[in-house]
Amino acid sequence: MELVYYLLFGGLSAVVALLELSKNSKDRVATSTAFNSFKNNYLVVYSLMMAGDWLQGPYVYFLYSQYGFDKGDIGRLFIAGFGSSMLFGTIVGSLADKQGRKRACVTYCITYILSCITKHSPQYKVLMLGRILGGIATSLLFSAFESWLVAEHNKRGFEPQWLSLTFSKAIFFGNGLVAIISGLFANVLADNLGFGPVSPFDAAACFLAIGMAIILSSWSENYGDSSDSKSLLAQFKGAAVAIASDEKIALLGAIQSLFEGSMYTFVFLWTPALSPNEENIPHGFIFATFMLSSMLGSSIASRLLAHSTPKVESYMQIIFAISALTLLLPVLTNFLLPSAGVKGGNISFAGCIQLFGFCTFEACVGIFWPSIMKMRSQYIPEEARSTIMNFFRIPLNIFVCVVLYNVNALPITVMFGMCSIFLFIASVLQRRLMVAAESHKTKVQDWSTAKDRDTESDPLNI
């Protein structure tokens, strides 16, 4: 393996370690013992849930190919997963608000375990059922756990600022460290120990079962709107009205869909971008490097969120603009450094430039997750939190399904250029969100000031 991979991984490791070790009192938030116990419990559960997800990632495509399915069959299986998330995600999100977020988290574990079990069958219909179950589970993973955390944090009376600490730590461990360890562990199970490509799915089911046991034994239930008189359709209408009537929520949903749509497209495209002529690249090592970059981003986010300035609405404009530039690199290198067209060999100079750019993009992803969680906790109403969060995922899933369906029809430069444009739009919308938030804050302050003046002028007016 070329020296560039080791240098990049080693350099990122050193920077992450330096950032974590150099945190001073200004970068750390003073918290209570009760909060630390609550936070650590959530981090353990969240890490187990993410391990159950990350263990499956490296071997899904490979397992399907081992069962003899071609690229078209596998593509339809992936589309079924995202389509399931789109169709059923909003329903399960609404049920989480109405029936309880703890129940929804347990449902995630059961659904994903069943999805893992289907991987033992080479039957296409059984695998399709597994993808549908996996799509439902994904919707719950990205809505129910966050909704439970925010509601439980507020119910226990913890400081609002402490929520950002849990978010950043969850991304640092769950989307960074756990992802790296899961990838390596899956490789050991499937290749080194010779258990085959289905073994990571069995391990994922075990981790999910452990996490479910912790949830059942230590989590309390919380709800959004649990009114018996409010039907599922009424919840949908309420969530839609909230999005339509509050510009901040609508902007937040658009920003999230644009960024996550570009992110998932990047997941499909980074391999052909780095090896357009079938260059020999270490996929697993590069994946671990990307996850390390994400850890770097979450470490930076934890510092940013620990301070009152700059505000999250402000610095995310810059993050989206940087993300747009990094995904524009494949387009630029294609024009400025055209490929020689020689098959095989080591990664090209253009590939090295793109690799550094992709690591920068992953660092932006690491900053994005805790930051968007922070903004969602501020702007999305509690009574319909899971429902609205899954509404946000509808355009995302449509976009990813379209990309998967046309992955062979459009040139890779066109797809990266499209993602870059989407991210620039997200930066512009983030600017608008900041203006709208400041305008709303000013109106509230003016109203409070006017109310205080009225009270002082008429002290008997109660």
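## Helix packing, ring pairs and a buried loop residue

Me: At what angle do the axes of helix α8 (residues 160-192) and helix α9 (residues 199-218) cross?
Reply: This is a predicted model, in which local features need pLDDT of at least 70, side-chain atom pairs need 80 or more, and totals for chains, interfaces and linings use all residues. Residues are numbered from 1 along each chain as its sequence is written, and side-chain values use heavy atoms, without hydrogens or water. Helices are DSSP runs of H or I, at least four residues long, numbered from the N terminus; axes are lines fitted to C-alpha atoms over the stretch in contact, with angles from 0 to 180 degrees between N-to-C directions. The axes of α8 and α9 come within 8 Å of each other and cross at roughly 130°.

Me: What class of angle does that make between α8 and α9?
Reply: Angles under 35 degrees are roughly parallel, over 145 roughly antiparallel, 65 to 115 roughly perpendicular, and the rest oblique. That makes the arrangement of α8 to α9 oblique.

Me: Which residues of α9 make the contact with α8?
Reply: Contact here means heavy atoms within 4.5 Å. On the α8 side, the contact is made by F185, A186, L189 and A190. Their partners on α9 are S199, P200, A203 and F207.

Me: How are the rings of F172 and F173 arranged?
Reply: Phe, Tyr and Trp rings (the six-membered one for Trp) pair if their centres lie within 6.5 Å; planes under 30 degrees apart are stacked, over 60 edge-to-face, and the rest tilted. That rule gives 31 aromatic pairs. F172 and F173 have ring centres 5.3 Å apart and planes at 85°, so their pair is edge-to-face.

Me: Is F173 buried or partly exposed?
Reply: Buried means under 20% relative accessible area, exposed over 50%, and partly exposed in between (1.4 Å probe, protein chains only). F172, at 10%, is buried. With a relative accessible area of 30%, F173 is partly exposed.

Me: How many residues apart are F259 and F320?
Reply: Their ring centres are 5.6 Å apart with planes at 55°, so the pair is tilted. F259 is buried at 0% relative accessibility, and F320 is buried at 0% too. F259 sits in helix α11 (residues 247-274) and F320 in helix α13 (residues 312-336), and the separation is 61 residues.

Me: Which residues does N222 contact, leaving aside its neighbours within four places in sequence?
Reply: N222 lies in the loop between α9 and α10 (232-245). At 5% relative accessibility, N222 counts as buried. Its contacts beyond those neighbours are G100, R101, S147, W148, A151, E152 and K155.

Definitions and conventions. Helix = DSSP H or I, 4+ residues; strand = E, 2+ residues; numbered from the N terminus.
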